[in-house]
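Subject: Structure handover

Hello,

Here is the structure I promised to pass on. My notes on it follow below.

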Amino acid sequence: MPVSDSPDRECAADRDTGGEGLPINELFYSLQGEGTLAGVPSVFVRTSGCNLRCWFCDSYHTSWEPTHARMSLEEILAEVDSHAEADHVVLTGGEPLLHEGSVDLLEALEARGYHTTVETNGTIHREAPIDLASISPKLESSTPTSERDPNGEGEWAERHENDRIDLEALSALVEEYDFQLKFVVTDEGDMPEIRELLADLRDAASVPIRDEDVLLMPEGATRERLAETRGRVAELAMDHGFRYTPRLHVDLWNDAPET
Ligand SMILES: C[S@@+](CC[C@H](N)C(=O)[O-])C[C@H]1O[C@@H](n2cnc3c(N)ncnc32)[C@H](O)[C@@H]1O
Ligand SMILES: Nc1nc2[nH]cc(C(=O)O)c2c(=O)[nH]1
Ligand code: SF4
Ligand SMILES: [Mg+2]
């Protein structure tokens with residue numbers, strides 16, 4: 001589908017847009033590239049708008065400079081259904097759980113028999129029929145400091161830092177849904193924070209969080225960058241007894257849109 005190239009002024013990038021349907025940045029058929037379902041043919045529905053601003057965000061036009069076309073629930077479902085080979089749908093963003101309309105979409109997908117994965121940064125909990133909550137809590141190394149800001153001089157750093165971890169939302173997500181915790185890792189400097197967060201979450205949540213629920217994913221939006229990070233991250237997964245997840249779509253198609 002075409003992606004609108006001009007930001008819609010009515011849509012603040014960091015809050016629910018309300019109204020009917022959803023702000024959609026792209027909708028495409030691909031292979032799930034990340035996590036325990038890597039390799040599964042899936043339709044991706046990418047909403048626009050995010051409450052965080054990771055410096056490395058590989059979906060720049062849903063966060064830093066959000067663009068979208070507003071689609072009704074019926075239009076989204078028709079396009080999902082047109083990919084008849086797929087019975088898995090991945091709802092991602094941006095931050096899909098910003099939008100009330102995501103709940104409506106997930107309910108409609110459940111009624112049609114789809115398996116649903118929601119890719120979320122873990123700061124927002126909503127009740128919805130989610131088969132796999134793919135939670136990617138954001139570490140301090142994601143913060144857009146003035147040196148790393150892709151779009152300014154660090155104006156978002158404080159808000160990002162304040163909002164990136166919400167233990168209450170994280171606990172509710174892991175208690176309510178089958179989940180994976182997928183951390184973006186660059187080097188061993190990220191590991192102490194992952195271990196601390198896991199300890200806090202294990203205290204706060206009423207369900208077990210097994211090491212096998214924890215996946216380390218190398219930071220990199222391009223093949224070139226992944227070549228620098230993935231060897232290190234694979235070693236860290238082995239050292240700590242966590243899983244490693246590739247970024248299969250980047251290996252296959254680099255940073256092309258709609259992949
Ligand atoms: C664009 S985000 C959208 C969903 C949600 N906002 C989130 O962050 O989980 C989709 C996935 O891509 C990951 N991601 C984004 N930029 C990345 C990068 N440069 N390297 C590795 N993973 C990245 C996120 O951590 C998340 O798991
Ligand atoms: N192929 C493919 N797999 C993915 N898994 C999670 C993605 C995302 O952006 O949320 C993603 C994506 O953008 N492409
Ligand atoms: S939380 Fe997700 S969509 Fe938002 S800026 Fe970070 S990686 Fe991008
Ligand atoms: Mg992606």
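I begin with Asn-254, which counts as buried because its relative accessible area is 19% (buried means under 20%, exposed over 50%, partly exposed in between, with a 1.4 Å probe and protein chains only). Asn-254 lies in the segment after α7 (helices are DSSP runs of H or I with at least four residues, strands are runs of E with at least two, and both are numbered from the N terminus). Its phi is positive, about 55°, although Asn-254 is not a glycine. Glu-258 also lies in the segment after α7, and again has a positive phi of about 55° without being a glycine. Glu-258 is partly exposed, with a relative accessible area of 32%. For context, most residues other than glycine have a negative phi, and most peptide bonds are trans. A cis peptide bond joins Gly-93 and Gly-94, with omega about 15°. Gly-94 is in the loop between β4 (88-92) and α2 (100-111).

On conventions: this is a predicted model, in which local features need pLDDT of at least 70 and side-chain atom pairs count only at pLDDT 80 or more, while totals for chains, interfaces and linings use all residues. Residues are numbered from 1 along each chain as its sequence is written, chains are lettered from A and ligands numbered from 1 in the order in which they are written, and side-chain values use heavy atoms, with hydrogens and water left out.

Ligand 1

There are 22 residues around ligand 1, and Phe-56, Gly-94, Ser-136, Lys-138 and Gly-220 come nearest (a residue is near a molecule if one of its heavy atoms lies within 4 Å of it). By class, the shell has six nonpolar, eight polar and eight charged residues (nonpolar covers Ala, Val, Leu, Ile, Met, Phe, Trp, Tyr, Cys and Pro, charged covers Asp, Glu, Lys and Arg, and the others, Gly among them, are polar). Strands β5 (115-120), β7 (179-185) and β8 (214-218) each supply at least two residues of this shell.

- the side chain of Lys-138, with an N or O atom at 2.8 Å;
- a backbone N or O atom of Thr-120, at 3.2 Å;
- the side chain of Lys-182, with an N or O atom at 3.3 Å.

Taken alone, ligand 1 exposes 540 Å², of which the protein buries 95% (accessible areas come from the Shrake-Rupley method with a 1.4 Å probe; for residues, only the protein chains shown count as cover).

Ligand 2

The residues around ligand 2 include Phe-44, Arg-46, Thr-92, Glu-119 and His-249. A nitrogen atom of ligand 2 lies 2.9 Å from a backbone N or O atom of Gly-33, and a backbone N or O atom of Thr-259 is likewise 2.9 Å from a nitrogen atom of the ligand. The side chain of Arg-46 places an N or O atom 2.8 Å from an oxygen atom of ligand 2. The protein buries 94% of the 320 Å² that ligand 2 exposes when taken alone. Two or more residues of the shell come from each of β1 (22-31) and β2 (41-47). The shell has two nonpolar, six polar and three charged residues.

His-249 sits in helix α7 (residues 248-253) and is buried, at 14% relative accessibility. Leaving aside residues up to four places away in sequence, His-249 touches Gly-33, Glu-34, Asn-254 and Thr-259 (contact means heavy atoms within 4.5 Å).

Salt bridges

The whole structure has 16 salt bridges (a side-chain nitrogen of Lys or Arg within 4 Å of a carboxyl oxygen of Asp or Glu). In one of them, the closest N and O atoms of Lys-182 and Glu-119 are 2.7 Å apart. Lys-182 is in strand β7 and Glu-119 in strand β5, so this pair ties together parts 63 residues apart in sequence. Lys-182 is buried at 2%, and Glu-119 is buried at 11%. Both belong to a network of salt bridges that links Glu-34, Asp-58, Glu-119, Lys-182 and Arg-247.

Arg-164 forms a salt bridge with Glu-161 (2.8 Å, N to O) and another with Glu-193 (2.8 Å, N to O). Glu-193 lies in helix α5 (residues 191-204) and Arg-164 in the loop between α3 (157-163) and α4 (167-176), so that pair ties together parts 29 residues apart in sequence. Arg-164 is buried at 7% relative accessibility, whereas Glu-161 is partly exposed at 32%.

Regards

Terms used
Polar contact = N/O pair within 3.5 Å; in protein donor to acceptor, adjacent residues only side chain to side chain.
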